[in-house]
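Work through the exercises below with the sequence and the model open. Each task is followed by a solution in steps.

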Amino acid sequence: MSEAEEESARTVLVAGAANLLIAVAKLVAGLASGSSAMLAEAAHSVGDTMNQAFLLTALRRSQRPPDPRHPFGHGMARYFWSLLAAVGIFVLGAGFAAYQGVAALLHPSDTGSPFWSLVVLAVAFVFEGASFVRAVWQLRGEAAAAGRSTASHLRTEAEPALRAVVWEDGVALAGLLLAAAGLLLDEAIGSHVFDALASLAIAVLLVLVAYGLGRQNAEHLIGKAVSEEMQEGIVRLIRGTDGVDGVLELLTMRLAPDQVLVAARVDLASDFSPEELEEAADHVEHRIRETYPEVRHVFLDPTPGQEDEPVGTLPDA
């Protein structure tokens with residue numbers, strides 16, 4: 001594993017350990033108090049714990065070397081297992097939270113004193129907060145190294161496991177606040193409605209996060225190009241090479257967070273000999289790899305003296 005991948009694995013392990021301990025505490029408090037929001041939060045934490053196992057599997061499986069059946073490696077495994085984690089959030093977390101909320105509204109029952117439930121929520125907030133701070137710290141470091149804002153990096157190029165931990169922990173903190181608010185409002189007003197509404201609100205949050213994570217990972221599994229900034233940088237590198245008159249077409253695909261495939265059709269000088277064409281192509285590949293180390297595969301289609309109108313994602317201008 002690379003240093004970034006080892007850091008992601010540690011972040012996932014920290015989040016998993018915190019979620020497991022918190023899940024047990026929430027379950028005990030929920031069963032003791034009868035609070036639907038506490039039971040929803042327990043299901044949320046159980047789902048998050050299982051998701052950490054998916055994310056660790058993603059990191060391990062993606063490290064397998066290329067083979068004849070997978071010539072570009074197994075980097076896409078990260079997106080597949082992270083997609084399963086998003087499904088887990090939806091089914092286990094959101095499904096159970098919605099069930100608890102509806103059941104509490106239809107069949108309200110006495111939840112008893114919220115004291116121990118609030119104590120568990122406070123302790124959980126500390127553990128979840130520590131995990132969230134660690135994940136955000138890693139995210140900010142990676143974003144700074146890539147020259148992007150933290151928010152932009154999270155939306156586009158963040159490591160799938162790290163992205164999942166950031167969103168899971170962030171929503172977990174919001175869910176804890178909602179559960180606490182529901183318990184306190186029910187205690188103050190003498191009602192059972194707010195606890196149930198808190199459970200439903202937690203379900204909605206989990207659905208939104210599951211959808212967002214699922215969509216991001218699905219885009220990469222389908223075959224997502226690198227950012228426009230990186231595409232423009234690659235085009236500039238190719239155009240700046242001696243003997244290159246233009247870039248007719250550029251195709252890119254991210255095979256993993258640290259693996260990129262580049263294919264380009266370039267317009268080379270018409271008076272180049274075959275040996276000069278090969279030398280120019282080698283020089284272009286070297287410049288791309290030197291500037292963007294994550295580029296693992298470069299395929300160039302030299303087209304001497306091409307007079308057609310440039311085509312592709314980034315046309316020659």
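**Exercise 1.** Find the salt bridge between R78 and D258 and state how the two residues are placed.

Solution. Step 1: apply the criterion, a side-chain nitrogen of Lys or Arg within 4 Å of a carboxyl oxygen of Asp or Glu. The side chains of R78 and D258 meet it, with 3.6 Å from N to O. Step 2: locate the partners. R78 lies in helix α3, while D258 sits in the loop between β1 (244-256) and β2 (259-268), so that the pair links parts of the chain 180 residues apart; helices (H or I, at least four residues) and strands (E, at least two) are DSSP runs numbered from the N terminus. Step 3: classify the accessibility. Buried means under 20% relative accessible area, exposed over 50%, and partly exposed in between, with a 1.4 Å probe and protein chains only. R78 has 2% and is therefore buried, whereas D258 has 21% and is therefore partly exposed.

Two notes apply to every exercise. The model is predicted, so local features need pLDDT of at least 70 and side-chain atom pairs count only at pLDDT 80 or more, while totals for chains, interfaces and linings use all residues. Residues are numbered from 1 along each chain as its sequence is written, and side-chain values use heavy atoms, with hydrogens and water left out.

**Exercise 2.** Which residue forms a salt bridge with R78 at 2.9 Å?

Solution. Step 1: the partner is E159, and the 2.9 Å is the separation of the closest N and O atoms. Step 2: E159 belongs to the loop between α5 (150-155) and α6 (160-189), and R78 to helix α3 (residues 77-106), 81 residues away. Step 3: E159 is buried, because its relative accessibility is 6%.

**Exercise 3.** Describe the salt bridge of E249 and R265, then look at the salt bridges as a set.

Solution. Step 1: the side chains of E249 and R265 meet at 4.0 Å, N to O. Step 2: this pair joins strand β1, which holds E249, to strand β2, which holds R265, over 16 residues. Step 3: E249, at 27% relative accessibility, is partly exposed, and so is R265 at 23%. Step 4: through shared partners, R78, E159, D258 and R296 are joined into one network. The total count is six salt bridges.

**Exercise 4.** Which residues form the nonpolar patch on the surface, and which element gives the most to it?

Solution. Step 1: patch members have over 30% relative accessible area and no salt bridge; nonpolar side chains (Val, Leu, Ile, Met, Phe, Trp, Tyr) are joined within 5 Å, like charges within 9 Å. Step 2: the members are V46, M50, V87, F90, V91, L92 and V207, with about 560 Å² of accessible area together. Step 3: α2 (36-61) and α3 are the elements that give two or more residues, and α3 gives the most, with four. Step 4: V207 comes from helix α7 and is partly exposed at 33%.

**Exercise 5.** Where is Q216, and is it buried or exposed?

Solution. Step 1: Q216 is in helix α7 (residues 193-222). Step 2: its relative accessible area is 13%, so Q216 is buried. Step 3: leaving out residues up to four places away in sequence, Q216 touches L154, R155 and R163, where contact means heavy atoms within 4.5 Å.

Definitions and conventions:
Areas by Shrake-Rupley, 256 points an atom, 1.4 Å probe, with all protein chains shown as cover.
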